[in-house]
Amino acid sequence: MTSRKTVIVLGGSSDIGRAAARAFAKAGYDVGLAGRDVVALEPEAADLRARYNVEASIWKFDVLDTASFEGFVNGLAALPDVVISIVGLLGVQENAESDLAHATTIMRSNYEGPSLILGLFAEKFLVRGTGTIVGVSSVAGDRGRASNYVYGSAKAGFSAFLSGLRARASRGGVHVVTVKPGFVRTRMTEGMKLIGPLTVDAPVVGDAILSAVENKTDVVYVSGKWRLVMLIIKTLPEAVFKKLKF
């Protein structure tokens, strides 16, 4: 039996998920990687075991299969100390404007699924009296923009959920973190025009998540520049904002 702390990463095969898993493993946590493709998770789990001498398990998890959530949580070998949700789908805004199925998938992947699964973990943590919940949201949720308002609205809902959960759970010894990475160089953003000074690599996000957990930070803008950028954007009058081309 290990006495190390444990973390489970939902979306463990994503670039940010892998970076978070490595950051926590390096800090001595045993790691659980959860995702739809367990075969794809095995090489990363093997690397964590070899590189950091920690236990690394893999679990099947589909954020769209909400009916399976209770079985997933109850089926874990043990309740982790930390759960991190990194699942999400950027999608294509132009398609979502006319394709209801695509819009629904974006909304469910970024709001409904992550909120429901973290809510289940929260209830378990509150009964125990300890635990940390991390939700990776987005600066896109700070204000709806013409170029990505379907994705942004889902992230706004997720951020609001995390905010309310944080206020409630803090009374029961449970810490809830909201992480807003901004632009990150990942497979999801490959081919997109990213703004260099506002863009970070996945390992920076992983380290920021670990730091937020250890320091009990509530809301993290991974690049501090984004906090200022979004403050400006949020204060623009609607008459001005709706004329902007972004």
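User: Is the crossing in which H1 passes H2 left-handed or right-handed?
Analyst: The structure is a predicted model, in which local features need pLDDT of at least 70 and side-chain atom pairs count only at pLDDT 80 or more, while totals for chains, interfaces and linings use all residues. Residues are numbered from 1 along each chain as its sequence is written, and side-chain values use heavy atoms, with hydrogens and water left out. Helices (H or I, at least four residues) and strands (E, at least two) are DSSP runs numbered from the N terminus, and a crossing is left-handed if the near helix is turned anticlockwise from the far one by less than a right angle, and right-handed if clockwise. By that convention, the way H1 passes H2 is right-handed.

User: At roughly what angle do the axes of helix H1 and helix H2 cross?
Analyst: Axes are lines fitted to C-alpha atoms, for helices over the stretch in contact, and angles run from 0 to 180 degrees between N-to-C directions. For helix H1 (residues 15-26) and helix H2 (residues 38-52), the axes come within 10 Å, and the crossing angle is roughly 25°. Angles under 35 degrees count as roughly parallel, over 145 as roughly antiparallel, 65 to 115 as roughly perpendicular and the rest as oblique, which means that H1 is roughly parallel to H2 at an angle of roughly 25°.

User: Which residues of H2 make the contact with H1?
Analyst: Contact means heavy atoms within 4.5 Å, and on the H1 side Arg18, Ala21, Arg22, Ala25 and Lys26 take part. By class, the contact of H1 with H2 has four nonpolar, no polar and five charged residues, where Ala, Val, Leu, Ile, Met, Phe, Trp, Tyr, Cys and Pro count as nonpolar, Asp, Glu, Lys and Arg as charged, and the others, Gly among them, as polar. The residues contributed by H2 are Glu44, Asp47, Leu48 and Tyr52.

User: Is Ala21 buried or exposed?
Analyst: Ala21 lies in helix H1 and, with residues up to four places away in sequence not counted, touches Val9, Val31, Leu33 and Leu48. Buried means under 20% relative accessible area, exposed over 50%, and partly exposed in between (1.4 Å probe, protein chains only). At 0% relative accessibility, Ala21 therefore counts as buried.

User: How does H1 lie relative to H7, in terms of angle class?
Analyst: H1 and helix H7 (residues 202-215) pack with their axes 8 Å apart, at an angle of about 50°. That angle makes the position of H1 relative to H7 oblique.

User: How many nonpolar residues does the contact of H1 with H7 have?
Analyst: H1 passes H7 in a right-handed crossing. The contact includes Ile16, Ala20 and Phe24 of H1, and Val205, Ile209 and Leu210 of H7. By class, one residue of this contact is polar, two are charged, and the number of nonpolar residues is 11.

User: Which strands stand at the edges of the sheet?
Analyst: Two strands pair if DSSP finds at least two bridges between them, and here seven strands form an open sheet with parallel pairing, in the order E3-E2-E1-E4-E5-E6-E9. Each edge strand has a single partner strand, so one side of each is left without a neighbour in the sheet. The edge strands are E3 (56-60) and E9 (219-221).

User: Over how many bridges do strand E5 and strand E6 pair?
Analyst: Along this pair, Gly131 stands opposite Val174 in E6, and Thr132 stands opposite His175 in E6. Strand E5 (residues 131-136) and strand E6 (residues 174-180) pair in the parallel sense, and the number of bridges is six.

User: How many residues of E6 are buried?
Analyst: Val174, Val176, Thr178 and Lys180 point one way from E6, while His175, Val177 and Val179 point the other way, and all are buried. E6 is largely enclosed by the rest of the structure, because the count of its buried residues is seven of the seven.

User: Which residues is Tyr111 in contact with, leaving aside its neighbours within four places in sequence?
Analyst: Tyr111 lies in helix H5 and counts as partly exposed at 36% relative accessibility. The C-alpha atoms of Tyr111 and Lys155, 44 residues apart along the chain, are separated by 6.2 Å. Beyond those sequence neighbours, the contacts of Tyr111 are Ala154, Gly157, Phe158 and Phe161.
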